[in-house]
Amino acid sequence: MNAIRVPGGPAPDILVRDRRFDEIAVMVAPFEGQLLWRKGAGRLPLNFTAVLAKPLLRADRLHGFARGGHAGTYADGTKMQSEPTDKLAVLHLWFTDEARFMRKAGFIRKVEDTLGRESRAWQWAHWGNLSKRGEDAVTAEFAKQMPSPAEFETLVAQGRIAVGPALWPALRGGRPGSERRDLAELGWHRAAGGDGPA
């Protein structure tokens, strides 16, 4: 689950480092991720969408990573079998501070320039392209991932963000009602054909 920066608060990695767990805000009921984000041309902040499951791998069995790093492989190249669990939750620190995001976007561009091709992963390709457009474009993308105070309050009221002690009950409590209504309440209206925020 994506950690969300509380408006006016420290970056989530600082809270984790300082063990201030009661202050951590998490997108416990994210909007359905990749397709909605891509169809909306990035209008819905990526940090408010679902992330893929993350694997926990035993080092003594791991030989390599599968594409995207979302699974491990054995020495013979076969993919490790995953066993989903609802007993663990992974806190995803995707957007922490602006300087780190600027380095990430620049690194993607340098890798693409070196390899001579764009990244296949949709978000990496997007960030690499932003880096080509300059620092202002990268800064604007980072700022979009930080909810305003009003957006934060709305997302909490919708049951999409939970903070501190409310995290685990929220994770266990299921999803909120209507994505369409919740998006409209935030001003990210989906197009008439359901093709993403208008």
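Trainee: Trp127 first: buried or exposed?
Mentor: Trp127 is buried, with a relative accessible area of 1%. Bear in mind that this is a predicted model.

Trainee: What is Trp127 in contact with, leaving aside its neighbours within four places in sequence?
Mentor: The contacts are Leu46, Trp94, Phe95, Phe101, Lys104, Ala105, Ile108 and Glu141.

Trainee: How do the rings of Phe101 and Trp127 sit?
Mentor: Their centres are 5.4 Å apart and their planes stand at 85°, so this is an edge-to-face pair. Phe101 belongs to helix H3 and Trp127 to helix H4, so the pair ties together parts that are 26 residues apart in sequence. Both residues are buried.

Trainee: How many aromatic pairs does the structure hold?
Mentor: It holds 7. One of them joins Trp94 and Trp127, with ring centres 5.5 Å apart and planes at 80°, so that pair is edge-to-face.

Trainee: Where does Trp94 lie?
Mentor: In the loop between strand S4 (72-73) and H3. Trp127 is in helix H4, so their pair ties together parts 33 residues apart in sequence. Trp94 counts as buried, at 11% relative accessibility, because the cut-off is under 20%.

Trainee: Which residues do ring pairs link into a cluster?
Mentor: Trp94, Phe95, Phe101, Trp127 and Phe142.

Trainee: And the largest nonpolar core: which residues touch the most other members?
Mentor: Phe95, Phe101 and Trp127, out of 13 residues in that core. At least two of its residues come from each of helix H3 (98-115), helix H4 (122-133) and helix H5 (135-144). As background, nonpolar side chains tend to be buried together in soluble globular proteins.

Trainee: Back to Glu141 for a moment. Where does it lie, and is it buried or exposed?
Mentor: Glu141 lies in helix H5. It counts as buried, at 5% relative accessibility. Glu141 is also on the contact list of Trp127.

Trainee: How far is the C-alpha atom of Glu141 from that of Pro45?
Mentor: The two C-alpha atoms are separated by 8.5 Å, while the residues are 96 apart along the chain.

Trainee: What about Asn47, buried or exposed?
Mentor: Asn47 counts as buried, at 1% relative accessibility. It lies in the loop between helix H2 (34-39) and strand S3 (64-65). Leaving aside neighbours within four places in sequence, Asn47 is in contact with Asn2, Ala3, Ile4, Met27, Trp94, Phe95 and Gln145.

Trainee: New topic, the sheet. What is the strand order?
Mentor: The order is S1-S2-S5, in an open sheet of 3 strands with antiparallel pairing. Strand S1 (3-4) and strand S5 (161-163) are the edge strands, each pairing on one side only.

Trainee: How many bridges are there between S2 and S5?
Mentor: There are 3, in the antiparallel sense, with S2 covering residues 25-27. Ala25 stands opposite Val163 in S5.

Trainee: Last one: what lies over the face of Phe31?
Mentor: Arg160, at 3.9 Å from the ring centre.

Note on methods. Residues numbered from 1 in each chain as written. Predicted model: local features only at pLDDT ≥ 70, side-chain atom pairs only at ≥ 80, totals over all residues. Heavy atoms only, no water. Core = buried A, V, L, I, M, F, W, Y, C linked by side-chain atoms within 4.5 Å. Buried < 20%, exposed > 50% of the residue type's maximum accessible area, 1.4 Å probe, protein only. Helix = DSSP H or I, 4+ residues; strand = E, 2+ residues; numbered from the N terminus. Contact = heavy atoms within 4.5 Å. Pairing = 2+ DSSP bridges. Phe/Tyr/Trp six-rings, centres within 6.5 Å; stacked < 30°, edge-to-face > 60°. Lys NZ or Arg CZ within 6 Å of the ring centre and 35° of its normal.
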